[in-house]
Structures are given as structure tokens and as C-alpha cells.
Amino acid sequence: MRQRVLTSSRLTGLHDALLATNGWPAAPGPAESTPPWPAIEANHRFNARLWREEDLARRTQVPAAEIVANKRAIDVLNQQRNDAVEAIDDLLHATLAESMHGAARQHSETPGMMIDRLSILALKCRAMRLEAHRAEAEGAHRARCREKLAILQGQRNDLAGCLDTLLEDCAAGRAWFRIYRQFKMYNDPATNPELRRR
């Protein structure tokens, strides 16, 4: 069997290393130049920036114009995030296409979609860990957050294992995946009637 393109342990290690890098996602973090790693880092960067904008968009004591700006930034970042997922899938599909040819079992979720979910779980784990150790929070709050963190970590481990299995099965010719295009219609004046009206 050919060498693995990526492993979940390497992937989750990169996610965590980027989140621990001072100044990231605004500043560059540890990265690899070999595909699909730049697309994986881009996806994680857009998810981290989305997380921040989503937090800001829920403020209630700021002018409405600030929330509008947050919502517009969310639209742009979500498009970039989806583009990165598709780029990951394009690269992995190209690498695995020969092995997947003739495979009987189709997997409904692509590796890029799973990698995107692992990125979001890394962000959730970090945020819940911070809450679980927030000194000014009540003990009951910290305890609830520790319980939630354990659940999130279990979910992350489960999904990471499923990603490894899918990639192994694709490389061995046991499974295949189709690249799914998101076609975010709301961002495109050609498909969003409200944008066309303007």
C-alpha cells in the first residue's frame, strides 16, 4: 500500500499547534508546503477567524452597523472556508483516484468535510478548556465545562479515527468519495435574486 497522504494525529497536531501560536490566525503559524497541508492550514485559519466573527456578531451593546460588518465578514469567511474544503478534497482525490477506481463502497462524507469538522472541534476544545480553567468562573461552571471538554475530546478522537479509516480504505481500493461542490448561492449575484435587484 502506498504511503499515507496524511494521518489524523498529524492533522490534529497541526490544528493544536496553530491554535497555540501567538498571533495566529492573523500571523503565519507552523505550516508545511506539501499539498494538501497549505489548504488544511487555510481551512483552519478561516474557521478560527469565523469563530471570532461569530462571537462578535452576538454582541448586544454595540451599534447595529458593527453587527452588520460582522455578518458580512462571516459570509466572506464561510465562502473561503468552503473553498478550502473543496481544495483539500481536490488534492486528496487526485492522489487517491487510481486506488479508488472500482471501489465498491462510496463514503458520503469527504475527507475535506471531516477535516473541517476536526478543525471546528479543535476550536471548541480550546474554548471549552479555557472556560474549564477560568479562575473567575464559579466552580460549578468550571466542572460543567470539564465534563463538556471530555465529551468534545471523545468526539474529536472518534472522528479522527474515522478519517484514518476512510483514507486507509480509499488507498486500499475499498472505498471512494465524490467531491461535493457547495455552490454558495447567496454570495453570487447570478444566483441570489436580492443581490441582482441591487
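A: Let's begin with Arg-105, which is partly exposed at a relative accessible area of 34% (buried means under 20%, exposed over 50%, and partly exposed in between, using a 1.4 Å probe and protein chains only). This is a predicted model, in which local features need pLDDT of at least 70 and side-chain atom pairs count only at pLDDT 80 or more, while totals for chains, interfaces and linings use all residues. Residues are numbered from 1 along each chain as its sequence is written, and side-chain values use heavy atoms, leaving out hydrogens and water.

The side chain of Arg-105 reaches that of Asp-169 in a salt bridge, with N to O at 2.5 Å (the term means a side-chain nitrogen of Lys or Arg within 4 Å of a carboxyl oxygen of Asp or Glu). This pair ties together distant parts of the chain, 64 residues apart: Arg-105 belongs to strand S1 (residues 105–107) and Asp-169 to helix H5 (residues 139–171). Helices (H or I, at least four residues) and strands (E, at least two) are DSSP runs, numbered from the N terminus. While Arg-105 is partly exposed, Asp-169 is buried, at 10% relative accessibility.

Now look at Glu-109 and Arg-117, whose side chains also meet in a salt bridge, at 2.8 Å from N to O. Here Glu-109 counts as buried, at 19%, and Arg-117 as partly exposed, at 39%. Another salt bridge joins Glu-131 and Arg-134, with their closest N and O atoms 3.0 Å apart. Glu-131 is partly exposed at 26%, and Arg-134 is partly exposed at 29%. Searching the whole structure gives 13 salt bridges.

Next, follow helix H4 (residues 111–132) to where it packs with helix H3 (residues 64–100). Their axes come within 8 Å and cross at roughly 135° (each axis is a line fitted to C-alpha atoms over the stretch in contact, and the angle, from 0 to 180 degrees, is taken between N-to-C directions). Because of that angle, H3 is oblique to H4; angles under 35 degrees count as roughly parallel, over 145 as roughly antiparallel, 65 to 115 as roughly perpendicular, and the rest as oblique. Among the residues that meet there are Val-85, Ile-88 and Leu-92 in H3 and Met-113, Ile-115 and Ile-120 in H4. By class, this contact has seven nonpolar, one polar and three charged residues (Ala, Val, Leu, Ile, Met, Phe, Trp, Tyr, Cys and Pro are nonpolar, Asp, Glu, Lys and Arg are charged, and the others, Gly among them, are polar).

Stay on H4 for one more residue, Ser-119. Ser-119 is buried, with a relative accessible area of 0%. Apart from its neighbours within four places in sequence, Ser-119 is in contact with His-15, Asn-43, His-44 and Asn-47, where contact means heavy atoms within 4.5 Å.

Finally, some backbone details. Most peptide bonds are trans, and most residues other than glycine have a negative phi. Trp-24 and Pro-25, however, are joined by a cis peptide bond with omega about 20°, and the bond from Pro-35 to Pro-36 is cis too, with omega near 5°. Phe-183 has a positive phi, near 45°, and is exposed at 65%.
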